[in-house]
Amino acid sequence: MSVASLIGTVGGVGYLRPAPGTWGSLAALPLAWVLHQMGGFPLLALATAGTYFAGLWATRVMTEGQADHDPSEIVIDEVAGQFLALWALSLPAWLHGLDISALWPGWIAAFILFRLFDITKPGPVGWADRRGDPTGVMLDDIIAGLFAAIGTALLAGLFHGVLGL
């Protein structure tokens with residue numbers, strides 16, 4: 001397996017069936033937890049950027065000369081997007097000295113919202129996906145991750161601020 005394939009498939013996770021994108025998103029959860037434990041939000045943010053650029057390179061290499069610009073085994077894009085979705089937990093946990101594990105409902109919300117936006121591809125998510133190039137492969141998940149982070153933050157505000165739970 002080439003370096004590009006190892007990165008693009010996240011060590012082979014992309015070959016799991018069914019729903020390799022969901023497996024990629026699930027793989028991102030413990031990775032994000034470890035990154036947050038090691039260096040808080042700054043390390044997760046840095047890892048998100050690194051994952052994006054590594055994924056862009058790996059996707060370009062893996063799809064060069066191929067008709068399919070977004071083969072299902074490439075799941076590094078899901079990892080980058082899921083990392084971004086988890087910023088809604090990592091940043092406040094880091095700023096307030098909270099144990100990120102205690103924010104478990106947010107982990108579930110970030111995962112479900114990310115998968116929802118990645119699968120349904122509303123608005124700009126679909127636009128990025130239709131680019132038909134490695135940038136589009138990565139960018140649609142980054143936008144879906146941003147939407148999921150915003151949705152997770154809004155849900156946290158609703159449940160903890162408005163409802164006082």
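A residue counts as buried when its relative accessible area is under 20%, as exposed when that area is over 50%, and as partly exposed in between. By this rule Lys121, with a relative accessible area of 23%, is partly exposed. The model described here is predicted.

## Salt bridges around Lys121

The structure contains 4 salt bridges. Side chains of opposite charge can pair when their charged atoms come close. Lys121 takes part in a salt bridge with Asp118, at 3.2 Å from N to O. Lys121 also pairs with Asp140, where the closest N and O atoms are 2.9 Å apart. Because Lys121 lies in the loop between α5 and α6 (124-129) while Asp140 lies in helix α7, this second pair ties together parts that are 19 residues apart in sequence.

Salt bridges that share partners connect Arg115, Asp118, Lys121 and Asp140 into one network.

| Lys121 | Asp118 | 3.2 Å |

Asp77 belongs to helix α3. Not counting residues up to four places away in sequence, Asp77 touches Asp70, Val137, Met138, Asp140 and Asp141.

Helix α3 is largely enclosed by the rest of the structure, because 10 of its 10 residues are buried. Among them are the charged residues Asp77 and Glu78, along with Ile76, Val79, Phe83 and Leu84.

Asp70 is located in the loop between α2 (20-63) and α3. With a relative accessible area of 25%, Asp70 is partly exposed. Apart from neighbours within four places in sequence, Asp70 contacts Asp77, Asp129 and Val137. The C-alpha atoms of Asp70 and Val13 are 16 Å apart, and the two residues are separated by 57 residues along the chain.

## The two largest pockets

Rolling a probe the size of a water molecule over the atoms shows where empty space is left. The largest pocket holds about 320 Å³ of space. Its lining has 15 residues, and the closest to the pocket centre are Leu89, Pro105, Gly106, Ala156 and His160. Helices α4 (87-96), α5 (104-120) and α7 (134-162) each contribute at least two lining residues. The biggest share comes from α7, with 6 residues. By class, this lining has 12 nonpolar residues, 3 polar ones and no charged ones.

The second largest pocket has about 180 Å³ of space. It is lined by 14 residues, of which Gly21, Asp70, Asp77, Glu78 and Asp118 are the closest to its centre. Two or more lining residues come from each of α3 (76-85), α5 and α7. Here α5 gives the most, with 3 residues. This lining is made up of 8 charged, 4 nonpolar and 2 polar residues.

Asp70 and Asp77, both among the residues closest to its centre, are in contact with each other. Asp118, also in that group, forms a salt bridge with Lys121.

## His36 in helix α2

His36 sits in helix α2. Its relative accessible area is 7%, so His36 is buried. Setting aside neighbours within four places in sequence, the contacts of His36 are Phe41, Ser90, Ala93, Trp94 and Ile100. Between the C-alpha atoms of His36 and Trp87 the distance is 9.8 Å, although 51 residues separate the two along the chain.

Notes: Residues numbered from 1 in each chain as written. Predicted model: local features only at pLDDT ≥ 70, side-chain atom pairs only at ≥ 80, totals over all residues. Heavy atoms only, no water. 1 Å grid on protein atoms, 1.4 Å probe; cavity = no way out; pocket = protein on both sides within 12 Å on 5 of 7 lines; lining within 4 Å. Points joined across faces, edges and corners; volume = space filled by probe spheres on them. Helix = DSSP H or I, 4+ residues; strand = E, 2+ residues; numbered from the N terminus. Contact = heavy atoms within 4.5 Å. Salt bridge = Lys/Arg side-chain N within 4 Å of Asp/Glu carboxyl O. Buried < 20%, exposed > 50% of the residue type's maximum accessible area, 1.4 Å probe, protein only.
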